[in-house]
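Here are my notes on the pockets and the nonpolar cores, as promised. Have the structure open while you read.

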Amino acid sequence: MGIRFTKMQGCGNDYVYINGFLEKIGQERKPAFVRAVSDRHFGIGSDGVIFINPGGGRADFEMEMYNADGSRSEMCGNGIRCVAKYVHDTGMTDREEFSIVSGGKVKYIKLDVQDKTTRAVTVDMGEPELEAARIPVTAHTGRVVDMPITVGDSLYRITCVSMGNPHAVVFVEDVEGLKLETLGPLFERHPCFPNRTNTEFVQVLDDAHVRMRVWERGTGETLACGTGCCATAVACVLNAKTGRSVSVQVLGGELSIRWDETDNHVFMTGPAEFVFEGEMDTKLEPAKCV
């Protein structure tokens, strides 16, 4: 018997989802397994792999997330919406409000369900972390807001936020003309980011709409990043670019983000979709060049 999987996407941010209640893969094997599965030429093809596990007493479910390069990640906004749709629409829960833990942090979910099918998911992403040491980012100030940084041969200004994983937000005049395949890796592995970073390049359209492209740590440019959209909305407010409710347009669609002034929580609302399901060979290994 092989390993059953489900391919899902949220605004084009696609992952392979594995039901950890049923499928068992040794922890030591998972990084190589993830690299093989995520390979878009020799594997299934995805931005990474997410295991849906029991919540362990802390939450109703656990999201165990891996980037395409096999490294662990603490949180994925698009991924957690897909997990929420998966557990509801496959009958693992009949509740429309429940909790999911990822990277040690519990997130609270509310579903928009029509005809027993999840149409949209709202996630309480909690409070944004703004202290530099806790993001982490190396800086001489407590918060990193509009801080100059030299990347390659150019000067940029970054605002850093953690939404359970690190983000550096850069405001630009035009996102379409950026060469992210060159610029993204330079930001990701810049010395001031001890754990590497996700980087959002943001063009402000008006006080309620922005356009964003993202370079995700361990994966590269993706069509969307839910936590990146949340970090973008927070950075927009900190830099007086928009109001607290922001529509973030990404290559794969659009997410609605609200940074609540009363409780300091960030709320993300967006879609999640099934793509296909199947069964993979248990002996799947990363491709090797000879």
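1. A quick definition before the pockets: here a pocket is an open set of grid points where a 1.4 Å probe fits, with protein on both sides within 12 Å along at least five of seven lines. Keep in mind that this is a predicted model.

2. The largest pocket comes out at about 350 Å³. It has 17 lining residues, and Lys105, Glu129, Ser162, Met163 and Gly164 are the closest to its centre. Strand β7, residues 105-114, gives the most to this lining, with three residues. By class, the lining has six nonpolar, five polar and six charged residues.

3. Now the second largest pocket, with about 190 Å³ of space. Its lining includes Arg35, Asp39, Arg40 and Glu221. Two elements, α1 (30-38) and β14 (220-222), each give two or more residues to that lining.

4. On to the packing. In soluble globular proteins, nonpolar side chains tend to be buried together. Which residues have the most contacts inside the largest nonpolar core? They are Ile100, Ile109 and Ile257, in a core of 51 residues. Helix α4 (residues 226-238) supplies the largest share of this core, eight residues.

5. Have a look at Ile109 in particular. Leaving aside residues up to four places away in sequence, Ile109 touches Ile80, Ala84, Glu96, Glu97, Phe98, Ile100, Val121, Thr122 and Val123.

Conventions. Residues are numbered from 1 along each chain as its sequence is written. This is a predicted model: local features need pLDDT of at least 70, side-chain atom pairs count only at pLDDT 80 or more; totals for chains, interfaces and linings use all residues. Side-chain values use heavy atoms; hydrogens and water are left out. On a 1 Å grid over the protein atoms alone, a cavity is a set of points where a 1.4 Å probe fits but cannot get out, and a pocket is an open set with protein on both sides within 12 Å along at least five of seven lines; lining residues have an atom within 4 Å of a point. Grid points are joined across faces, edges and corners, and a volume is the space filled by probe spheres set on the points. Helices (H or I, at least four residues) and strands (E, at least two) are DSSP runs, numbered from the N terminus. Ala, Val, Leu, Ile, Met, Phe, Trp, Tyr, Cys and Pro count as nonpolar, Asp, Glu, Lys and Arg as charged, and the others, Gly among them, as polar. A nonpolar core is a set of buried Ala, Val, Leu, Ile, Met, Phe, Trp, Tyr and Cys residues joined through side-chain atoms within 4.5 Å. Buried means under 20% relative accessible area, exposed over 50%, partly exposed in between (1.4 Å probe, protein chains only). Contact means heavy atoms within 4.5 Å.
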